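Here are my notes for you, written as numbered points. Keep the picture open while you read, and find each residue as it comes up.

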Amino acid sequence: MDGTQIKPTAVNLVLLGPPGAGKGTQARKLEEAFDLKQLSTGDLLRAAVAAGTEAGLAAKAVMERGDLVSDDIVIAILRDRLSDDDCAGGVIFDGFPRTTVQAGALDELMSETGQTITAAISLEVDDAAMIERISGRYTCSACGEGYHDSFKTPAKEGVCDNCGGSDFKRRADDNAETVAQRLKAYHADTAPLIAYYADQQVLQGVDAMQPIDAVENDLKAIVQTALA
Ligand code: ADP
Ligand code: ADP
Ligand code: ZN
């Protein structure tokens, strides 16, 4: 390697893809394997809604409709979380950025701390599969582990593989009507980010129609190359 090249201090990944592509599922796996921190703006927003904060109150109805929450709110929530110590070793952005305004804000936030986006990985899937993935999705209430009625069931029925919990929940916005709106928002506002990151020469595509384990292997190979 060229001795003058400065290595970035951390690996920072963006996971791009429509609702149900597998961003959350894969982010959890990468978090464990590479000691990175998963930052899901969907999770942060749902926590704000549950806590009844000002941002949460503003976001609630928008999320229920399947529209995108305003850039200002999302960027403020993300900036806050990103400044926590546990993010310094590298982050997996899951569901952020979702607009070119957010992508620009992220570039700025990264450069403030001398970091960059190492790779933006597009999980490539077709819309028809999304409806099926989202309508069968549920998570463990205790630890957040994700499951699916057909594609990922717990080894022992009704018991979380990860923590042994037995209480599971489904998201209010995982219904057919809202999903259609979320897919529309994806194509209108988020899909252009594929070209944004291609221009920055950090875009990688992964066939996310493959089974979960195969997608995981492809992603790990990308991260390993980035770390090398
Ligand atoms: P996202 O975070 O992109 O919205 P999730 O990771 O929550 O998507 O995945 C949506 C649903 O599809 C979950 O129930 C998950 O278990 C399931 N799933 C994820 N990846 C795959 C895959 N490659 N094949 C089949 N089902 C998958
Ligand atoms: P999924 O991956 O299944 O689309 P998320 O949990 O990422 O679900 O997002 C759920 C909802 O939260 C979105 O439909 C949107 O209303 C809101 N949201 C999450 N992240 C963002 C973001 N970066 N910008 C705007 N809205 C967001
Ligand atoms: Zn659990």
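1. Ground rules. This is a predicted model, where local features need pLDDT of at least 70, side-chain atom pairs count only at pLDDT 80 or more, and totals for chains, interfaces and linings use all residues. Residues are numbered from 1 along each chain as its sequence is written, chains are lettered from A and ligands numbered from 1 in the order in which they are written, and side-chain values use heavy atoms, with hydrogens and water left out.

2. Who sits around ligand 1? Start with the 18 residues around ligand 1, of which Gly 20, Thr 25, Arg 137, Tyr 147 and Gln 210 come nearest. (A residue is near a molecule if one of its heavy atoms lies within 4 Å of it.) By class, this shell has 9 nonpolar, 6 polar and 3 charged residues. (Ala, Val, Leu, Ile, Met, Phe, Trp, Tyr, Cys and Pro count as nonpolar, Asp, Glu, Lys and Arg as charged, and the others, Gly among them, as polar.)

3. Which elements supply the shell of ligand 1? At least two residues each come from α1 (23-34), β6 (146-148) and α9 (212-227), and α1 has the largest share, with 3 residues. (Helices are DSSP runs of H or I with at least four residues, strands are runs of E with at least two, and both are numbered from the N terminus.)

4. (Accessible areas come from the Shrake-Rupley method with a 1.4 Å probe; for residues, only the protein chains shown count as cover.)

5. Now ligand 2. It has 19 residues around it, and Thr 41, Arg 46, Asp 67, Arg 98 and Arg 182 come nearest. Helix α2 (residues 41-51) gives the most to this shell, with 4 residues. The classes here are 7 nonpolar, 4 polar and 8 charged.

6. Side chains at ligand 2. Lys 23 turns up again: an N or O atom in its side chain is 3.0 Å from an oxygen atom of ligand 2. A polar side-chain atom of Arg 182 lies 2.6 Å from an oxygen atom of ligand 2, while one of Gln 102 lies 2.9 Å from a nitrogen atom of the ligand. The protein covers 97% of the 550 Å² of accessible area that ligand 2 has on its own.

7. What holds the zinc ion (ligand 3)? Its protein donors are the SG atoms of Cys 140, Cys 143, Cys 160 and Cys 163, lying 2.3 to 2.4 Å from it. (Donors are N, O and S atoms within 2.8 Å of the metal, or 3.2 Å for Na, K and Ca; water is not among the atoms, so sites may look incomplete.) In sequence, these donor residues are spaced C-x2-C-x16-C-x2-C. Cys 140 lies in strand β5 (residues 137-140) and Cys 160 in the loop between β6 and β7 (168-169), so this pair ties together parts that are 20 residues apart in sequence.

8. Why call the zinc site tetrahedral? Because the 4 donor atoms subtend angles of 101 to 115°. (Four donors count as tetrahedral if all angles lie between 85 and 135 degrees.) For reference, the ideal angle for four tetrahedral donors is 109.5 degrees.

9. Follow Asp 174, in the loop between β7 and α7 (176-190). Asp 174 is buried, with a relative accessible area of 13%. (Buried means under 20% relative accessible area, exposed over 50%, partly exposed in between, with a 1.4 Å probe and protein chains only.) Its side chain makes a polar contact of 2.8 Å with the side chain of Arg 137, and another of 3.1 Å joins Asp 174 to the side chain of Arg 182. (A polar contact is a pair of N or O atoms within 3.5 Å; within protein, one must be able to donate a hydrogen and the other to accept it, and residues adjacent in sequence count only if both atoms are side-chain atoms.)

10. Thr 190 is buried at 5% relative accessible area, and its side chain reaches the backbone oxygen of Arg 98 at 2.8 Å.

Technical notes: Four donors count as tetrahedral if all angles lie between 85 and 135 degrees; four count as square planar and six as octahedral if opposite donors are over 155 degrees apart and all others between 65 and 115; anything else is irregular.
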